[in-house]
Amino acid sequence: MVTTIDRPARPGHDAAMNKRNEADSCVIVLFGASGDLAARKLIPALYEMAESGALPGGTCVVGVSRTPMSDDQWRDVLRPSVEHHARSFDARSWDKFAKRLHYFAGDGAKRNTYPRLMQRVDELSQSHGCGGNVLFYLSVAPSLYEPIIGCIDESGMVLEGRRWCSINRDSMPWQRIIVEKPFGQDAASAASLNRALGRAFDEDAIYRIDHYLAKELVQNLLVLRFANTIFEPIWNHRYIDHVQITAAETVGVGKRGDYYDSAGAIRDMIQSHLLQVMALVAMEPPTRYTAHHIRQEKVKILDAIVPTPADRLQEFAAFGQYAGAEAEPAYHELPGVKPRTTTETFAALVLKFNNWRWAGTPFFLRTGKRMAAKRTEVVVQFKQPAADLFSALALDGAPTLGRPANQIVIEIAPRECVSLRFEGKVPGQGMKLDSVSMDFDYARRFNAEPVEAYGPLLMDAMRGDQTLFKHRLEVESAWDSMMPFLGPESAPLRKNLAGNYAPGSWGPASSDALLARYGRTWHHGG
Ligand code: BG6
């Protein structure tokens, strides 16, 4: 596996520079305009950006979908959704914003759609003043990704990409593409999708979105580790016993049975989001704060994951499927789900790295639907102190070693908080210890509520900043590490899954047994 990524083809594609850059106006060509993501996330996010004055003045959207609709009809469909999903809503701001929304009825996977689409994009670019910049957004069924990318390529709408050498790119409008997850179904399909994208676009024009990277506390991982002196020297196998990364959700699969049954918890959450979080926790310090340097380090650490032996998977994973309760039927009874499905709605995995920093330190990853609490967190569990100094002093003779060791908990959602647990002396006579916690709570310190990730990510793409988007090699390495858990060898893990954990629990018994095998227990928060 290649672990060095190409430098950006032009210096503008450098996070350090682009953080300071203004976002450029562009026409956003949104494939999947009548879909759920557009209505629930993308358009409300753009509305919020427009309302806050962040959306560049000329930016407009042309929604592409097969259903015949006029601009006004599409706006009428979107309005209630924006009212519901945006953080605030103002009728006058909406009327102004809605003028930037246009609709184009057509099949994005058919070549003959493109001459008309190109003409419409040109007209809108001129009337709104977008300077010819185009941001494609693939928010469609994954089976349509490659056909649409192929059509875009053939249409001649992309002036960058493989034609880069013949033009002065700095004086040209740009064309970029944002690709939604799932990015492939496995290592081979992800590589094929990357090849299709690479035929049409340069790597620095491809934005593989992962909304976890836009979460404040995920970004704060870099600041915590690399803007402080005290953590990095102990951030290794000598001081850290293990790391737990959890993304537990109380919601079930609901109406997404069709999609979810072909995905499962590993594809839906671990291969994408949790491995990204893990990479930020485990990677080496980048030498500069640029998209290129950060993504290079992520590729290296993902590449250092020790391959899981396919014949011993039960030592490294536990799977589950939620049972039914009043709020929602059991997973295997949902519409769209195969009755004898073996798809996991819960997965717990153990991964290790083959490098000097982490040799031997287990990273436990866990995600599940219908769990006891909505909780996304990283727990860094430190080792016990090297010597048991205080037990000798304790008047009551109670041993002090074996007390809770230091722990850093990075709560990503729903609360945004970093807590450090350490031992303190209980006031009074004798030497009694108790654990105390120092908390840095975002809401209390900054009076800031979590922001919907899509708005800032779209702005980054308009700015040309790829820091929070995934490189081709990150995606491919992440798939490589997950393949043993997804192939036919995973059949023993998938036996008798139906209803093996109760809704509102922390997953199946096999999940606790997995950690017990390593002499550890899951952190269930407080
Ligand atoms: C999505 C998954 O990527 O992330 C969903 O497809 C999941 O199944 C969601 O519910 C979780 O995101 P968040 O931000 O609520 O943790």
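Two strands pair if DSSP finds at least two bridges between them. The views below show a predicted model.

View 1. Seven strands, in the order β3-β2-β1-β4-β5-β6-β15, make up an open sheet with mixed pairing. The edges are taken by β3 (101-105) and β15 (469-470); each has a single partner strand, so one side of each has no neighbour in the sheet.

**View 2. Pairing of β2 with β3.** Strand β2 (residues 60-65) runs parallel to β3, and the two are joined over 5 bridges. Which residue of β3 is the bridge partner of V62? The partner is H102.

**View 3. Helix α7 against helix α14.** The axes of α7 and α14 are 9 Å apart, and the helices pack at an angle of about 165 degrees. Angles over 145 degrees count as roughly antiparallel, so α7 is roughly antiparallel to α14. The crossing is left-handed. On the α7 side, A187, A190, A191 and N194 take part, and they meet R472, V475, E476, W479, D480 and M483 of α14. By class, this contact of α7 with α14 comprises 6 nonpolar, 1 polar and 3 charged residues.

**View 4. Helix α10 against helix α14.** Helix α10 (residues 265-282) crosses α14 at roughly 135 degrees, and the two axes come within 10 Å. The pair α10 and α14 is therefore classed as oblique. The crossing of α10 and α14 is right-handed. From α10 the contact draws on I266, R267, I270, Q271, L275 and Q276; from α14 it draws on E474, V475, A478, W479, S481, M482, F485 and L486. The residues in this contact of α10 with α14 are 9 nonpolar, 3 polar and 2 charged.

**View 5. Helix α11 against helix α14.** Helix α11 (residues 291-303) packs on helix α14 (residues 472-486) at about 15 degrees, the axes being 9 Å apart. Angles under 35 degrees count as roughly parallel, and α11 and α14 are therefore roughly parallel to each other. Their crossing is left-handed. Residues R295, K298, V299, L302 and D303 of α11 make the contact with L473, E474 and S477 of α14. In the contact of α11 with α14, 3 residues are nonpolar, 1 is polar and 4 are charged.

View 6. The whole structure contains 26 salt bridges. One of them joins R120 to D71, with 3.3 Å between the closest N and O atoms. R120 belongs to helix α5 (residues 114-128) and D71 to helix α3 (residues 71-85), so this pair links parts that are 49 residues apart in sequence.

**View 7. A salt bridge between two loops.** The side chains of E232 and R357 form a salt bridge with an N to O distance of 2.8 Å. Where in the chain do E232 and R357 lie? E232 is in the loop between α8 (216-226) and β7 (240-248), and R357 is in the loop between β9 (346-351) and β10 (363-368), so the pair ties together parts that are 125 residues apart in sequence.

Methods
Residues are numbered from 1 along each chain as its sequence is written. This is a predicted model: local features need pLDDT of at least 70, side-chain atom pairs count only at pLDDT 80 or more; totals for chains, interfaces and linings use all residues. Side-chain values use heavy atoms; hydrogens and water are left out. Axes are lines fitted to C-alpha atoms, for helices over the stretch in contact, and angles run from 0 to 180 degrees between N-to-C directions. Helices (H or I, at least four residues) and strands (E, at least two) are DSSP runs, numbered from the N terminus. Angles under 35 degrees count as roughly parallel, over 145 as roughly antiparallel, 65 to 115 as roughly perpendicular and the rest as oblique. A crossing is left-handed if the near helix is turned anticlockwise from the far one by less than a right angle, and right-handed if clockwise. Contact means heavy atoms within 4.5 Å. Ala, Val, Leu, Ile, Met, Phe, Trp, Tyr, Cys and Pro count as nonpolar, Asp, Glu, Lys and Arg as charged, and the others, Gly among them, as polar. A salt bridge is a side-chain nitrogen of Lys or Arg within 4 Å of a carboxyl oxygen of Asp or Glu.
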